[in-house]
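Subject: Structure handover

Hello,

Here is the structure you were expecting. My notes on what was found in it follow below.

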Amino acid sequence: MRIEKLLLWCVLLMLIGCVNSPTTTQSNKSVSVPQLEGMPLPSGATIDSKKSIIFGEGPSWTGRVEIIASLKAEDMVKFFISEYPSAGWKLLSSTKSKSSILIFVGSNRTMSAEINELSGFNSGSKIILTVAPMNTRAK
């Protein structure tokens with residue numbers, strides 16, 4: 001299980017490392033992006049497209065999406081844990097702290113959700129979703 005987590009993080013870091021520009025020029029987008037279909041988010045959440053990149057389209061997209069939500073980080077963790085299983089995502093592991101990380105697996109993809117409390121005058125949370133294809137067998 002430890003090796004699988006390590007491999008997952010390596011794949012995710014390589015995917016992020018290859019990325020250096022967003023797919024759109026707007027600073028924020030509504031979460032009704034077709035790629036996020038099947039990935040529930042609270043209403044009013046916005047995507048920071050300058051810090052996000054999506055490869056592909058539809059339910060098989062991969063990439064990194066940064067989202068700002070009005071819910072506190074603790075409430076976002078509860079949201080993911082309660083809403084994602086009904087959308088077909090199975091929770092594999094979770095680390096809840098100042099920066100919480102949830103790892104989910106779908107039918108053919110893995111997803112990490114890093115959730116942080118916004119600081120200063122901002123209230124709410126920043127969520128970084130990283131989605132990658134699932135490698136079922138190493139060769």
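Several strands pair with β4. Strand β2 (residues 46-48) is antiparallel to β4, with two bridges between them, and I47 sits opposite I67 of β4. Strand β3 (residues 53-55) is also antiparallel to β4 and is joined to it by three bridges. Here I54 has G63 in β4 as its bridge partner. β3 and β4 make a hairpin with six residues between them, and G56 in that turn has a positive phi of about 85°. Strand β8 (residues 125-133) runs antiparallel to β4 as well, over seven bridges; V65 is partnered there by L129 in β8.

L129 comes up again in the core. The largest nonpolar core holds 25 residues, and those that touch the most other members are M39, F80, Y84, M111 and L129. At least two residues of this core come from each of β4, α2 (73-83), β6 (99-105), β7 (109-117) and β8. The biggest contribution is that of α2, which supplies five residues.

F80 deserves a look of its own. With its neighbours within four places in sequence left aside, F80 is in contact with L41, P85, L102, F104, M111, A113, I115, I127 and L129. M111 and L129 in that list are, like F80, among the core residues that touch the most other members.

Next, the strands around β6. Five of the seven residues of β6 are buried, so this strand too is largely enclosed by the rest of the structure. Strand β5 (residues 90-95) runs antiparallel to β6, and five bridges join the two; T95 stands across from I101 in β6. The hairpin formed by β5 and β6 has three residues between its strands. β6 is joined in turn to β7 by seven bridges, again in the antiparallel sense, with I103 partnered by S112 in β7. β6 and β7 also form a hairpin, with three residues between them.

For the chain as a whole, there are two helices and eight strands. Read from the N terminus, their order is α-β-β-β-β-α-β-β-β-β. The chain has 139 residues, of which 39% are buried. Among contacts with a separation of 6 or more, 48% are between residues 24 or more positions apart. The accessible surface is about 8,400 Å², and carbon and sulfur atoms account for 56% of that.

How far does the confidence go? The average pLDDT of the chain is 79, and 72% of the residues score at least 70. Which residues have a pLDDT that stays under 50? That stretch is residues 18-32, for which the model has 35 contacts beyond four places in sequence. Where pLDDT is low, the predicted coordinates should not be read in detail.

When you open the model, you could begin with β4 and its bridges to β8, then turn to F80 and its contacts, and then follow the two hairpins, β5 with β6 and β6 with β7.

Regards

Definitions and conventions: Residues are numbered from 1 along each chain as its sequence is written. This is a predicted model: local features need pLDDT of at least 70, side-chain atom pairs count only at pLDDT 80 or more; totals for chains, interfaces and linings use all residues. Side-chain values use heavy atoms; hydrogens and water are left out. Two strands pair if DSSP finds at least two bridges between them. Helices (H or I, at least four residues) and strands (E, at least two) are DSSP runs, numbered from the N terminus. A nonpolar core is a set of buried Ala, Val, Leu, Ile, Met, Phe, Trp, Tyr and Cys residues joined through side-chain atoms within 4.5 Å. Buried means under 20% relative accessible area, exposed over 50%, partly exposed in between (1.4 Å probe, protein chains only). Contact means heavy atoms within 4.5 Å. pLDDT is the predictor's confidence in each residue, from 0 to 100. Accessible areas come from the Shrake-Rupley method with a 1.4 Å probe; for residues, only the protein chains shown count as cover.
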